[in-house]
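This report describes one protein chain, going from single residues to the fold as a whole. The sequence and structure come first.

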Amino acid sequence: MKKNSKYRQGVFNPVNKEKYKGSFPIYFRSSYELKFQRWADANPNVISWGSESVIIPYQNPLTGRISRYFVDFNITMRDKNGEIKKFLIEIKPFSQTLPPVQKNKKTKSLIYQQAEYVKNQAKWAAAQKFCESRNSTFVIITEKQLGL
């Protein structure tokens, strides 16, 4: 984990290694991702999970070029009725799921936030379409769902 970073990052070591489908080491890029990884590893209803192992092409609206979206997590689990469901999961702070609001003047920070928001919307639309064609569900999880 980086000591000077404002965000918590590092390597996750699962207890249930057999459930993880992907390459090791498993990285987490935020405390939100770490909490989700711990949940997926410990949850008996989770059959398998992976981190950044699904890549979806999307058109970047800022460049017009095709880019690659590495979805945070893919998960296969058994629901309360015993049915097997597949999900693609994106972990984001709630504030990044809303359009940025201009307060007074346009700052570099606001311009960056607007660009990221537009890019994320394109990624998420591509993920939604990808999931629809594969009997899967795309979900954005924020600190609200993680209980933070």
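## Local geometry and overall fold

At 27% relative accessibility, Glu52 falls between the 20% and 50% limits and therefore counts as partly exposed. Glu52 sits in the loop between strand 3 (46–51) and strand 4. Its phi is near 50°, a positive value in a residue other than glycine. The model is a predicted one.

Asn135 also has a phi near 50°, again positive and again not in a glycine. This residue belongs to the loop between helix 2 and strand 8, and Asn135 is exposed, with a relative accessible area of 73%. A further local feature is the cis peptide bond that joins Phe24 and Pro25, with omega at about 0°. Pro25 is in the loop between strand 1 (10–12) and strand 2 (26–28). As background, most residues other than glycine have a negative phi, and most peptide bonds are trans.

The relative accessible areas of selected residues are as follows.

| Residue | Relative accessible area | Class |
|---|---|---|
| Ser67 | 19% | buried |
| Glu52 | 27% | partly exposed |
| Lys35 | 34% | partly exposed |
| Ile66 | 63% | exposed |
| Asn135 | 73% | exposed |

Two of these residues are sequence neighbours. Ile66 is exposed because its 63% relative accessibility is over 50%, whereas Ser67 is buried because its 19% is under 20%. Not counting residues up to four places away in sequence, Ile66 touches Pro57, Tyr58 and Gln59. With its neighbours within four places left aside, Ser67 is in contact with Ile56, Pro57, Tyr58 and Asn60. Ile66 and Trp124 are 58 residues apart in sequence, and their C-alpha atoms are 14 Å apart in space.

Trp124 is among the buried residues of helix 2, which also include Leu110, Tyr117, Lys119, Asn120 and Cys131. These buried residues pack against strand 4 (55–59), strand 5 (66–70), strand 7 (84–91) and strand 8 (137–141). Helix 2 covers residues 108–132, and at 1.5 Å a residue its 25 residues should span 36 Å; the end C-alpha atoms are 36 Å apart, so the two values agree.

Lys35 lies in helix 1 (residues 31–42). Lys35 and Leu146 are separated by 111 residues in sequence, but their C-alpha atoms are 7.3 Å apart in space.

For the chain as a whole, there are three helices and eight strands, and from the N terminus on they run β-β-α-β-β-β-β-β-α-β-α. Taken along the principal axes, the C-alpha atoms fill a box of roughly 50 × 40 × 25 Å. Of the 148 residues, 36% are buried. Among contacts between residues at least 6 apart in sequence, 51% join residues at least 24 apart. The chain exposes about 9700 Å², of which carbon and sulfur atoms supply 51%. It carries 26 positive and 11 negative side chains, and the centres of the two sets lie 7 Å apart.

The mean pLDDT of the chain is 92, and 95% of its residues reach 70 or more. Over residues 1–5 the pLDDT is below 50, and beyond near neighbours in sequence this stretch has four contacts in the model.

How values were computed: Residues numbered from 1 in each chain as written. Predicted model: local features only at pLDDT ≥ 70, side-chain atom pairs only at ≥ 80, totals over all residues. Heavy atoms only, no water. Helix = DSSP H or I, 4+ residues; strand = E, 2+ residues; numbered from the N terminus. Buried < 20%, exposed > 50% of the residue type's maximum accessible area, 1.4 Å probe, protein only. Contact = heavy atoms within 4.5 Å. Areas by Shrake-Rupley, 256 points an atom, 1.4 Å probe, with all protein chains shown as cover. Lys, Arg positive; Asp, Glu negative; His and termini not counted. Charge placed at Lys NZ, Arg CZ, Asp CG, Glu CD. Expected span 1.5 Å × (residues − 1). pLDDT = per-residue confidence, 0-100.
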